[in-house]
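Hello,

Here is the structure I promised to pass on. Please open it first, then read my notes below.

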Amino acid sequence: MGKPQKVATLLGERQKIEKEIEKLQKSCEHPTKSVKFVRERLDSTTVVIRYVCDGCLLLIGYPSKEETHNYLKQ
């Protein structure tokens with residue numbers, strides 16, 4: 001298999017995985033959340049502080065200034 005075919009195969013697999021993750025995240029009720037460092041975007045190296053669902057890892061909100069300060073103190 002040549003490089004272009006391998007890349008196309010991997011991109012197809014990635015798309016399937018992303019759709020499956022999206023489906024799982026949509027069906028999750030997000031019962032618990034935590035403040036965490038996460039990448040700003042998938043293609044970014046910049047990290048930001050956000051609320052993340054503990055079950056499905058979906059970004060679900062922004063912590064307050066006080067919550068951010070307490071998280072950084074840990």
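**What lines the pocket**

By class, the lining of the largest pocket has seven nonpolar residues, six charged residues and one polar residue. Keep in mind that this is a predicted model.

The volume of this largest pocket is about 450 Å³. Its lining is made up of 14 residues. Look for Q25, R39, L42, L57 and L59, which are the closest to the pocket centre.

Which element gives the largest share of the lining? It is α1, with six residues. Two elements, α1 (3–27) and β1 (33–39), each supply at least two lining residues.

**Two loop residues**

Now turn to the loops. Start with S44. You will find S44 in the loop between β1 and β2 (47–53). Is S44 buried or exposed? Its relative accessible area is 6%, so S44 is buried. The cut-off for buried is under 20%. The side chain of S44 also has a polar atom 2.9 Å from the backbone nitrogen of T46.

Next, find E29. This residue sits in the loop between α1 and β1. Why does E29 count as exposed? Because its relative accessible area is 73%, and exposed means over 50%.

One last distance to check on screen. E29 and C56 are 27 residues apart along the chain. Their C-alpha atoms are separated by 9.2 Å.

Best wishes

How values were computed:
Residues are numbered from 1 along each chain as its sequence is written. This is a predicted model: local features need pLDDT of at least 70, side-chain atom pairs count only at pLDDT 80 or more; totals for chains, interfaces and linings use all residues. Side-chain values use heavy atoms; hydrogens and water are left out. On a 1 Å grid over the protein atoms alone, a cavity is a set of points where a 1.4 Å probe fits but cannot get out, and a pocket is an open set with protein on both sides within 12 Å along at least five of seven lines; lining residues have an atom within 4 Å of a point. Grid points are joined across faces, edges and corners, and a volume is the space filled by probe spheres set on the points. Helices (H or I, at least four residues) and strands (E, at least two) are DSSP runs, numbered from the N terminus. Ala, Val, Leu, Ile, Met, Phe, Trp, Tyr, Cys and Pro count as nonpolar, Asp, Glu, Lys and Arg as charged, and the others, Gly among them, as polar. Buried means under 20% relative accessible area, exposed over 50%, partly exposed in between (1.4 Å probe, protein chains only). A polar contact is a pair of N or O atoms within 3.5 Å; within protein, one must be able to donate a hydrogen and the other to accept it, and residues adjacent in sequence count only if both atoms are side-chain atoms.
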